Amino acid sequence: MTVVQTVLVFVGIPGAIIAFLFFAVYGRSLVRQPNRYRPGRPWTFAPSWYVPHPEAVVRASKGSTSKTAVGGASGEW
(Lines give C-alpha, C1' and ligand atoms only; values in the text may rest on other atoms or scores of the structure.)
Protein backbone atom coordinates (compact mmCIF):
# COMPACT_ATOMS: atom_id res chain seq x y z
CA MET A 1 0.00 0.00 0.00
CA THR A 2 1.16 3.52 -0.73
CA VAL A 3 1.25 6.35 1.80
CA VAL A 4 -1.81 7.97 0.21
CA GLN A 5 -3.82 4.76 0.46
CA THR A 6 -2.74 4.29 4.09
CA VAL A 7 -3.77 7.85 4.99
CA LEU A 8 -7.11 7.40 3.26
CA VAL A 9 -7.78 4.17 5.15
CA PHE A 10 -6.66 5.33 8.60
CA VAL A 11 -7.67 9.03 8.42
CA GLY A 12 -10.16 9.41 5.57
CA ILE A 13 -12.62 6.67 6.51
CA PRO A 14 -12.80 7.53 10.26
CA GLY A 15 -13.02 11.23 9.34
CA ALA A 16 -15.90 10.54 6.96
CA ILE A 17 -17.72 8.53 9.63
CA ILE A 18 -17.26 11.28 12.23
CA ALA A 19 -18.40 13.95 9.73
CA PHE A 20 -21.49 11.88 8.87
CA LEU A 21 -22.40 11.45 12.55
CA PHE A 22 -21.79 15.15 13.24
CA PHE A 23 -24.12 16.26 10.45
CA ALA A 24 -26.69 13.61 11.37
CA VAL A 25 -26.85 15.03 14.91
CA TYR A 26 -26.26 18.78 14.39
CA GLY A 27 -27.02 19.33 10.71
CA ARG A 28 -30.63 20.37 11.11
CA SER A 29 -29.90 23.00 13.76
CA LEU A 30 -27.02 24.41 11.71
CA VAL A 31 -29.35 25.03 8.76
CA ARG A 32 -32.39 26.58 10.44
CA GLN A 33 -32.87 29.14 13.19
CA PRO A 34 -33.93 27.57 16.50
CA ASN A 35 -37.32 28.80 17.69
CA ARG A 36 -36.53 28.92 21.38
CA TYR A 37 -34.97 31.45 23.69
CA ARG A 38 -31.31 31.08 24.57
CA PRO A 39 -30.02 32.85 27.70
CA GLY A 40 -28.00 35.93 26.87
CA ARG A 41 -29.73 36.59 23.56
CA PRO A 42 -32.38 39.30 23.06
CA TRP A 43 -36.04 38.30 23.27
CA THR A 44 -37.45 38.47 19.72
CA PHE A 45 -40.71 36.58 20.21
CA ALA A 46 -44.22 37.93 20.76
CA PRO A 47 -45.16 38.17 24.44
CA SER A 48 -47.57 35.53 25.67
CA TRP A 49 -49.00 34.64 29.05
CA TYR A 50 -50.09 31.25 30.26
CA VAL A 51 -53.44 31.14 32.03
CA PRO A 52 -54.51 27.63 33.08
CA HIS A 53 -58.19 28.66 33.31
CA PRO A 54 -59.03 31.36 30.73
CA GLU A 55 -62.54 31.68 32.11
CA ALA A 56 -61.02 32.99 35.38
CA VAL A 57 -59.62 36.08 33.63
CA VAL A 58 -61.65 39.19 34.53
CA ARG A 59 -61.38 42.87 33.66
CA ALA A 60 -59.45 44.97 36.20
CA SER A 61 -61.84 47.95 35.91
CA LYS A 62 -64.40 49.35 33.48
CA GLY A 63 -62.04 51.94 31.95
CA SER A 64 -59.01 49.65 31.76
CA THR A 65 -58.32 47.20 28.95
CA SER A 66 -55.83 45.10 30.93
CA LYS A 67 -56.86 41.75 32.34
CA THR A 68 -56.07 40.19 35.69
CA ALA A 69 -56.27 36.51 36.54
CA VAL A 70 -58.25 35.49 39.59
CA GLY A 71 -56.79 33.00 42.04
CA GLY A 72 -53.45 31.90 43.38
CA ALA A 73 -50.85 29.52 42.08
CA SER A 74 -53.45 26.93 41.16
CA GLY A 75 -55.92 29.51 39.79
CA GLU A 76 -58.79 27.86 41.68
CA TRP A 77 -59.35 30.14 44.70
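**Close-up views of the predicted model**

**Figure 1. Phe22, Phe23 and Tyr26 are linked into a cluster by ring pairs.** The model shown is predicted. Two aromatic pairs are found in a search of the whole structure. Phenylalanine 22 and phenylalanine 23 form an edge-to-face pair, with 5.3 Å from centre to centre and 80° between the planes. Phenylalanine 22 also pairs with tyrosine 26 in a tilted arrangement, at 5.3 Å centre to centre and 45° between the planes.

**Figure 2. Phenylalanine 22 and tyrosine 26 are four residues apart in helix α1.** About one helical turn separates phenylalanine 22 from tyrosine 26. Residues three or four places apart point the same way, because an α-helix has 3.6 residues a turn.

Figure 3. Phenylalanine 22 has a relative accessible area of 39% and is partly exposed. Tyrosine 26 is likewise partly exposed, at 45%. Phenylalanine 23 counts as exposed, with 52% relative accessibility. In the protein chain, 4% of the 77 residues are buried.

**Figure 4. Helix α1 bends by about 50° at valine 25.** Helix α1 comprises 29 residues, spanning residues 3–31. The C-alpha atoms at its ends are only 37 Å apart, short of the 42 Å that a straight helix would reach at 1.5 Å a residue.

**Figure 5. The protein chain contains one helix and two strands.** From the N terminus on, these elements follow the order α-β-β. The protein chain exposes about 7,400 Å², of which carbon and sulfur atoms supply 66%.

How values were computed: Residues are numbered from 1 along each chain as its sequence is written. This is a predicted model: local features need pLDDT of at least 70, side-chain atom pairs count only at pLDDT 80 or more; totals for chains, interfaces and linings use all residues. Side-chain values use heavy atoms; hydrogens and water are left out. Buried means under 20% relative accessible area, exposed over 50%, partly exposed in between (1.4 Å probe, protein chains only). Accessible areas come from the Shrake-Rupley method with a 1.4 Å probe; for residues, only the protein chains shown count as cover. The expected span of a helix is 1.5 Å times one less than its number of residues. The bend at a residue is the angle between axes fitted to the seven residues ending there and the seven starting there. Rings of Phe, Tyr and Trp (its six-membered ring) pair if their centres lie within 6.5 Å; planes under 30 degrees apart count as stacked, over 60 as edge-to-face and the rest as tilted.
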